[in-house]
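Please look over the sequence and the structure below before reading on. The report that follows describes the surroundings of the ligands first and then moves to the chain itself.

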Amino acid sequence: MEHPCLRCGACCAYFRVAFHWSEAEGPSAGGVPFELTEKLDPHRLAMRGTHAAQPRCVALQGVVGEGVRCTIYTQRPSVCREVSSSWEFGAPSPQCDKARRAYGLPLLTAQDWPGASQPGIAAIQVGA
Ligand code: SF4
Ligand code: SF4
């Protein structure tokens, strides 16, 4: 199953993506590439492109709602890791729903995650 995020990217082109400066690459290699960030205040950076009237992260490649990828996936900031897709882990995600709604994309449901029904099925089989 292709991950729904790979055909979406709405949250990467909707929210301001801000995080503590220490997450950016510098002394600690492997962090967010510094050149892809901009300074928000003395403590925080933002992904370039997301502190704008019409945000779009500079690291997002592709077309929202069709096919996208994060070009710094393994180095993305913690805030990006914390946004989950709706129902991937059994509950709706307000951020995911808000971003998808803004792009006119249908909200994800439990049916978009075939694996999510496995625990229920397993429980029925165990109890049978
Ligand atoms: S809006 Fe939801 S489905 Fe789209 S990329 Fe973000 S988390 Fe994934
Ligand atoms: S760093 Fe990657 S995951 Fe985070 S907003 Fe940008 S494109 Fe999306």
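## The ligand shells and the chain

The shell around ligand 2 consists of nine nonpolar residues, one charged residue and no polar ones, where Ala, Val, Leu, Ile, Met, Phe, Trp, Tyr, Cys and Pro count as nonpolar, Asp, Glu, Lys and Arg as charged, and the others, Gly among them, as polar. This is a predicted model, in which local features need pLDDT of at least 70 and side-chain atom pairs count only at pLDDT 80 or more, while totals for chains, interfaces and linings use all residues. Residues are numbered from 1 along each chain as its sequence is written, and chains are lettered from A and ligands numbered from 1 in the order in which they are written.

The table lists the residues near each ligand, a residue being near if its C-beta atom, placed from the backbone, lies within 6 Å of the molecule.

| Ligand | Surrounding residues |
|---|---|
| Ligand 1 | Pro4, Cys5, Cys8, Gly9, Ala10, Cys11, Val83, Ser85, Cys96, Ala99, Arg100 and Leu108 |
| Ligand 2 | Cys12, Val17, Met47, Cys57, Ala59, Leu60, Cys70, Ile72, Arg76 and Cys80 |

By class, the residues around ligand 1 are nine nonpolar, two polar and one charged.

The chain has three helices and five strands, taken as DSSP runs numbered from the N terminus (H or I over at least four residues for helices, E over at least two for strands). From the N terminus on, their order is β-β-β-β-β-α-α-α. Strand S4 (residues 60-63) and strand S5 (residues 67-70) run antiparallel and are joined by four bridges, two strands being paired if DSSP finds at least two bridges between them. Within this pair, Gly62 has Val68 of S5 as its bridge partner, and in the hairpin, which has three residues between the strands, Gly65 takes a positive phi near 85°.

Of the 128 residues in the chain, 22% are buried, a residue being buried if 20 or more other C-beta atoms, placed from the backbone, lie within 10 Å of its own. In helix H2, the buried residues are Cys96, Ala99 and Arg100. Seen down the axis of H2, these buried residues fall within an arc of 95° and so line one face of the helix, the arc being that of the directions from the helix axis to the C-beta atoms. Just after H2, Gly104 takes a positive phi of about 70°.

Trp87 lies in the loop between helix H1 (78-82) and helix H2 (94-102). Although Trp87 is not a glycine, it has a positive phi of about 70°. Trp87 is buried, because 20 other C-beta atoms lie within 10 Å.

How values were computed: Buried ≥ 20, exposed ≤ 12 C-beta atoms within 10 Å, placed from the backbone.
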